[in-house]
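Subject: Handover of a structure and notes on its pockets and ligand site

Dear colleague,

Please find below the structure that I am handing over to you. My notes on what was found in it follow directly after.

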Amino acid sequence: MHTPAVPDTLTAFAEAKLADLEAQSLRRRLTPTRRIDGLWVERGGRRLLSFSCNDYLNLSHHPAVKAAAAGAIGAHGVGAGASRLVTGDTPLFAELEARLAALKGHEAACVFGSGYLANSGIIPTVLRPGDLILVDELAHACIWAGAQLSGAKVAAFRHNDMADLAAQLAAHRAAAAHALVATDGVFSMDGDLAPLDAISALARAHDAWLLVDDAHGLGVVGASGRGSAALFPGAKVDLAMGTLSKALGGYGAYVCASGPVIDLVRTRARSFIYTTGLPPANVAGAIAALDIIAAEPERVAAPLARARRFTRALNLAEAQSAVVPIVLGEAARTLAAARALEDQGFLAVAIRPPTVPAGTARLRVAFTAGHSEDQVDRLAEAVRPLMAAA
Ligand SMILES: *Cc1c(COP(=O)(O)O)cnc(C)c1O
């Protein structure tokens with residue numbers, strides 16, 4: 001090992017960048033966090049009640065899900081061994097994909113390694129240069145990544161603004177061979193719903209396809225936890241994407257669509273072809289999680305009920321999902337608020353730009369089935385003074 005006396009240019013570049021980000025309260029740091037169960041975490045020697053996990057149904061630590069994952073390790077080993085198209089397609093995938101397709105009401109499903117991989121692969125599978133993609137401005141980063149990778153013309157429409165979407169379709173659709181509208185079903189940092197009936201109607205009127213990323217909808221909203229499209233029965237979603245990593249408690253993602261679309265995805269999506277299949281334990285865990293979702297409607301209903309109790313207590317707009325944003329504005333103020341909550345035993349992580357637009361740093365509070373009403377009330381009392389102090 002030798003340490004150069006003068007940093008090389010790359011290291012100097014990184015140091016300058018970090019100093020700049022630090023000055024804007026935008027530097028990010030990892031905090032080792034031991035998740036004790038689906039609710040409590042240990043950080044820096046302290047036990048905190050988490051309102052920052054996306055484990056909405058607390059299935060990451062559910063005995064039946066853990067047993068299914070452990071059983072799959074015993075039967076199939078810890079890794080897939082190769083891409084699913086080579087030897088990595090454990091038979092568990094077919095079972096999981098059939099279950100997901102049935103739950104979402106589509107012909108077929110394809111499971112990916114993660115949500116980020118899914119959107120990075122699906123969008124370039126259906127779009128190429130000369131095509132058009134219109135994306136809600138608050139849609140998840142991996143939709144933007146997929147849009148960029150496709151080479152299609154990318155345009156943002158204002159958040160949930162149907163007049164703007166209509167105007168953009170009118171302006172750009174005719175020049176494109178194919179068009180796709182892409183949105184989150186439940187917005188990850190705001191917890192609100194996309195008006196999928198209106199979006200779907202506009203997309204159809206302009207012969208555009210519709211992709212909905214329902215990472216935060218599955219298992220939480222819609223009848224039987226089917227997700228946000230179930231709240232808008234008239235909506236036609238061509239590509240129903242979601243993840244296994246939030247309410248299902250594990251890791252991985254899926255897209256549901258017609259049989260031919262899924263066959264095309266399996267044949268052409270680069271983030272499906274050129275990557276190792278999910279470990280069998282994740283696939284088995286997701287199947288067990290779906291079993292629990294089907295068997296326990298009270299569990300599925302609980303996160304939204306907790307979130308609504310919280311928004312009522314603080315006079316906020318009624319929660320539409322398990323996610324409630326408490327927008328505080330500046331990053332520094334939001335970090336201070338998160339620290340104040342931590343001192344009272346609550347973990348509610350500050351979310352800063354560029355994850356959210358500048359000036360809208362926030363505490364993002366996520367409710368789970370395991371939070372008691374008393375815990376929700378105590379969090380509300382702790383948050384109240386932080387909202388008032390400017
Ligand atoms: C979390 C999330 C993703 C990414 O999923 P991963 O499986 O964590 O990669 C994609 N879209 C949305 C809306 C998300 O919230």
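**Second largest pocket**

The second largest pocket holds about 300 Å³ of space. Its lining consists of 18 residues, and Pro124, Thr125, Arg268, Ala269 and Arg270 are the closest to its centre. Helix H5 (115–126), helix H9 (259–268) and helix H10 (270–273) are the elements that each give two or more residues to this lining. H5 supplies the largest share, five residues. By class, the lining has eight nonpolar, six polar and four charged residues.

The model is predicted: local features need pLDDT of at least 70 and side-chain atom pairs count only at pLDDT 80 or more, whereas totals for chains, interfaces and linings use all residues. Residues are numbered from 1 along each chain as its sequence is written, and side-chain values use heavy atoms, with hydrogens and water left out.

A pocket here is an open set of points, on a 1 Å grid over the protein atoms alone, where a 1.4 Å probe fits, with protein on both sides within 12 Å along at least five of seven lines; lining residues have an atom within 4 Å of a point. A volume is the space filled by probe spheres set on the points. Helices (H or I, at least four residues) and strands (E, at least two) are DSSP runs, numbered from the N terminus. Ala, Val, Leu, Ile, Met, Phe, Trp, Tyr, Cys and Pro count as nonpolar, Asp, Glu, Lys and Arg as charged, and the others as polar.

**Largest pocket**

The largest pocket holds about 1,400 Å³. Of the 44 residues that line the largest pocket, Arg28, Arg43, Val349, Ala350 and Ile351 lie nearest its centre. H13 gives the most to this lining, with four residues. The classes here are 18 nonpolar, twelve polar and 14 charged residues.

**Ligand site**

The ligand is surrounded by 13 residues (a heavy atom within 4 Å). Gly115, Tyr116, Asp213, His216 and Lys246 are the closest. A polar side-chain atom of Asp213 lies 2.5 Å from a nitrogen atom of the ligand. Oxygen atoms of the ligand lie 2.5 Å from a polar side-chain atom of His216 and 2.8 Å from one of Lys246. The protein buries 86% of the 380 Å² that the ligand exposes when taken alone (Shrake-Rupley method, 1.4 Å probe).

Yours sincerely

Key: A polar contact is a pair of N or O atoms within 3.5 Å; within protein, one must be able to donate a hydrogen and the other to accept it, and residues adjacent in sequence count only if both atoms are side-chain atoms.
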